[in-house]
Structure formats: structure tokens, C-alpha cells
Number of protein chains: 2
Amino acid sequence: MHTRTIFVVSDGTGITAETFGSALMTQFNVKPRLVRIPFVDTADKAHQAVRQINHTAEIEGKKPIVFTTVVHPEVQQVIQSSCKGMLLDMFGTFVQPLEDELGEKSMHRVGRFSDVSHSKEYFDRMEAINYTLAHDDGQSNRDLAGADVILVGVSRSGKTPTSLYLAMQFGLKVGNYPLIPEDFDRRQLPPALEPQRKKLFGLTIDPGRLSSIRNERRPDSKYASLENCRHEVAEAEAMMRRSGIKWLSTTTKSIEEIATTILQEVLPERLGHY
Amino acid sequence: MHTRTIFVVSDGTGITAETFGSALMTQFNVKPRLVRIPFVDTADKAHQAVRQINHTAEIEGKKPIVFTTVVHPEVQQVIQSSCKGMLLDMFGTFVQPLEDELGEKSMHRVGRFSDVSHSKEYFDRMEAINYTLAHDDGQSNRDLAGADVILVGVSRSGKTPTSLYLAMQFGLKVGNYPLIPEDFDRRQLPPALEPQRKKLFGLTIDPGRLSSIRNERRPDSKYASLENCRHEVAEAEAMMRRSGIKWLSTTTKSIEEIATTILQEVLPERLGHY
């Protein structure tokens, strides 16, 4: 059973606030139940959200924790005046000191607080996703020069999810190539990758973990056997070392951590963007 | 030229804080340059980050704005005592009132503040991505019953990016099916979708916008012509109306907004998870 209900009330999607609130809660021993209430952009919807929160307060006998990212003053006012939860105003808390520092009033533009897509940015992101899908798993050698990053590693080392995350979150065009037994026999990188050396980044993984991932897909196959996984990982790491490719083990890392490390190593300028 | 530099200093990836800080800045008339400094988890790295921030303060003659999400007290201490930027402590600001409300001290567990992958959650997310890739663009009718959501719409209406976002962000298994001229001639949904009616959600798009997106790919084709786009969109909307499928126009919406609306309509329980 959860020990505390956490609400996220937003006039946008509330996705960022939810990720943030959920990360904050990991610092405590409570077992949170997270409830996101998006698109609360009128006083009516605010009253509805407050009713839901106050109902929870009543049946649980504990104050729900309520993260709000509400730009519209009237909507925030409804929540502040009648909500029986513990309010944490993620918008107002930071906007007021920012107004002082920047010497201007904030615009209180509703909707702009959510992860808005501006046309050019949105288009680039779509292009990046299309490129990345077309270049998944070594499917295409076309326009490899157009890639921002090319990931290499054995099958199931995490290349595809990492590539897609880099495309969706950062608008990067990412290729990825599996390293396969033929490459190990030739003791060389796939030939199409040679001109792209500077863009290459390697992913590796603990052989035991790899074996268990592969076993989910093809139980009891040679492909999934610990012995074969050990062999492939050792060969892949040796090849990356010989070729001077930077690499990282994905075994205990989240996609966000892997992606951020790749940016640091291959595209540090993308950490300071705009 | 940017008018203010915004730093995000985190002992994790800082991705959530960056999204949050960047959303806050859209409320002001400044043109921000965002610099993310991830993995600042030692006093040494904190000193390095502070040097970079103070250097910027000096050459720009303006206080940089510094969002920190640092769990480790010693690291935060270094930043607080020597940073010449305007500090906005996203961790401490909320942790202190939470400690009072929850009646316990926070654990100050470094690393837990970032978007950590717990094993089961991580595995589900991988499975969702694999499922979604295998079921992109009507590629496979296998195990459609296993889908959480199935998107339908004309080619280039936003199905693929939305599907991938739902998989990566929420761990949903998403199928997507193009509605094509053959479906319009038969005046019926693709037959494989009939048993999955409850999981269907439609995406539509303004024909002018669709035409310009398609023209990027296949300039001056019949496929991209405004006339054809008008026809396909009208047919698709008529079919969704006849079939009682809920739908939404993607024309002016971000992926996050589209995804959140789909959750509200098809899987409302996923907004209150854990």
C-alpha cells in the first residue's frame, strides 16, 4: 500500500513536474502514489482538481503533497485558497526571485510552461527521429556522414533505446551498428564506419546481464548462452580498444545517464545549447 | 545574441532540471543560453563548475542564473559558498518543507535524484520500445492484443514519434497503423484492428500542414499535393467518426501534449500510477 499520495497539478502536461516530484520523493521512505492532473487551465478545472485532492485528504487522513506548475494567477488562486493538500508551488517559488534578478515581470503565458514545440525545433526533432529509425541496427549506410553520433556494440547492449532517446530528447541524428561475429573474425569495424571514426561511441554490457536479456528473447540458444555472451563482449571491447573508440558499460545505467555521457564525450557543445 | 546564461548543475544528469529551467525562462523576455553541467558529485567537480560559472559572470557582466539539483550537502556547500551566479536550489527548496510534512529526514542519497532506472521498470521500458518498433507503421499484426494503445491516422500525421514517446516515457506498448486509400475505398478500418477497437486512438492533422510535411520528403508528388492531403484527411476523419474512435489534431500540439491527451482518453489510470 502506498503511504502518501502526491498530486501534480499543471496547466500544461505536468510531465516535467511529475518527473521532478517523483525524483524528490525517492529521498524519503514513503511509498508514493503519483497522480498527475494535466491541462488545469480554468477556474472550473481547478475546482475539480481541488475536490479530487481534498477527497483523497479525507479518505487517507493525511495531507496529500501537491506540486503545482500553474501559470495562470486565477487558477493558482483557486488551488491556494481551497486545497487541503500541502502545496509546493514550482512556478511561483522560482518566478518571483527571477523577476527580481531579471528586472522584469514574468508574462504568465499559459501553455508556454509546458514542453512546447516551436516549429523549427519540432521539425528538427521529427527529422532526427526519422533518421534514427532508418539507421537503426545498421539498416542503412546512406548518409552516415549526416549522423551526429553512431553507436556500436554487440546485439542487445542498449543501442536502440539510447539512439531513440538521443533523437527524441536532443534532436540528434543517431546511427547504430551491431558488432557481429563476422566483424570479430575480420578484426575490423564494419567498413562503412571507418570514415566516421570521430562520431563513434561504443556501448558494452556485463556478459551475465546480456545473457539474461538475450534469454528473454531466445531462451536456451547459443546466442543467449553465457559463454557466447562472454566471448562477444570480450571481442567487442577489444575491438573498441584497438580502434580508439570511447565506450561505456550500460549495465547499471539509466538511458538518461548513458545519453548524457555520450553527449559529454562526443558532442560536449550540446550540453551548452541555445 | 543570448542575453543571459542559465546553468543547470546536477549530481545526476540534470535533464529534468534543464527542461524545468528552460520552461521557466519562457516566461521572460530574455534569450537564454542554457548550459548543463551533469554528474557534479564531488567537491572537486563542484569547484570546477563554480569556476566556469564565475568566469561567465565576469565576461558577461551579469549574474548567470544557476539551477542546482544537488543532493550531496558537501557539493551543494561548495556551490553556495563560492558561486557568483543567482542560485536557485531546486532540491533544498522543496526537501525542507517535505521533511517537515513527512516527519522524517531526507536520505540525501546521491544519484537517486536523477531519472534512475530500477530494474523492473527499466526492463518494461525496453520491452515497450521493442514492441513499439516492431509494430510501427502497421508492420506486424502479431500480438496486437498485447498493445496498450494503437494509433491510427494518415501517413505523416505524427503516429511514429507519438508511439515512441509513449513507449519511452510511460513504458506503453504502442502499435500504429496508417490509414491508406485502400481502407478509404473499403470504407473500413484495417481488418486486424477490428478486435482492438477500445485501444484505438486517431491522430489527424491540418491538410495544409500535412502537405508541407509530405513535400519535404517527396516534393511535387501527388502524395504531397494539397488536394490529395485534403482528400485523405477528410476520409480518415470520416472513418474515425463512423467507427467511434476518439481522435485529436496534432497540428499545433507538442508530442508531450498529444501523449498526455491519449493517456487521458484511452488509459486514464496511467495518469495516477505507482
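At what angle do the axes of helix α6 and helix α10 of chain A cross? In this predicted model, local features need pLDDT of at least 70 and side-chain atom pairs count only at pLDDT 80 or more, while totals for chains, interfaces and linings use all residues. Residues are numbered from 1 along each chain as its sequence is written, chains are lettered from A and ligands numbered from 1 in the order in which they are written, and side-chain values use heavy atoms, with hydrogens and water left out.

The axes of α6 (residues 159-170) and α10 (residues 255-266) of chain A come within 10 Å and cross at roughly 75 degrees, and the two helices are therefore roughly perpendicular to each other (a term that covers angles of 65 to 115 degrees). Helices are DSSP runs of H or I with at least four residues, and strands are runs of E with at least two; axes are lines fitted to C-alpha atoms, for helices over the stretch in contact, with angles running from 0 to 180 degrees between N-to-C directions. On the α6(A) side the contact (heavy atoms within 4.5 Å) is made by P161(A), T162(A), Y165(A), L166(A) and F170(A), and on the α10(A) side by I255(A), E256(A), I258(A), A259(A), I262(A) and L263(A). These residues divide into 9 nonpolar, 1 polar and 1 charged.

Two strand residues of chain A were examined in turn. N176(A) lies in strand β6 (residues 174-178) and is buried, with a relative accessible area of 0%, where buried means under 20% with a 1.4 Å probe and protein chains only. Its side chain makes polar contacts (a pair of N or O atoms within 3.5 Å, one able to donate a hydrogen and the other to accept it) with the side chain of D136(A) at 2.7 Å and with that of S163(A) at 3.3 Å. Beyond its neighbours within four places in sequence, N176(A) is in contact with residues including H135(A), L151(A) and K159(A).

F67(A), found in strand β3 (residues 65-69), is likewise buried, with a relative accessible area of 0%.

Note on methods
Angles under 35 degrees count as roughly parallel, over 145 as roughly antiparallel, 65 to 115 as roughly perpendicular and the rest as oblique. Ala, Val, Leu, Ile, Met, Phe, Trp, Tyr, Cys and Pro count as nonpolar, Asp, Glu, Lys and Arg as charged, and the others, Gly among them, as polar. Buried means under 20% relative accessible area, exposed over 50%, partly exposed in between (1.4 Å probe, protein chains only).
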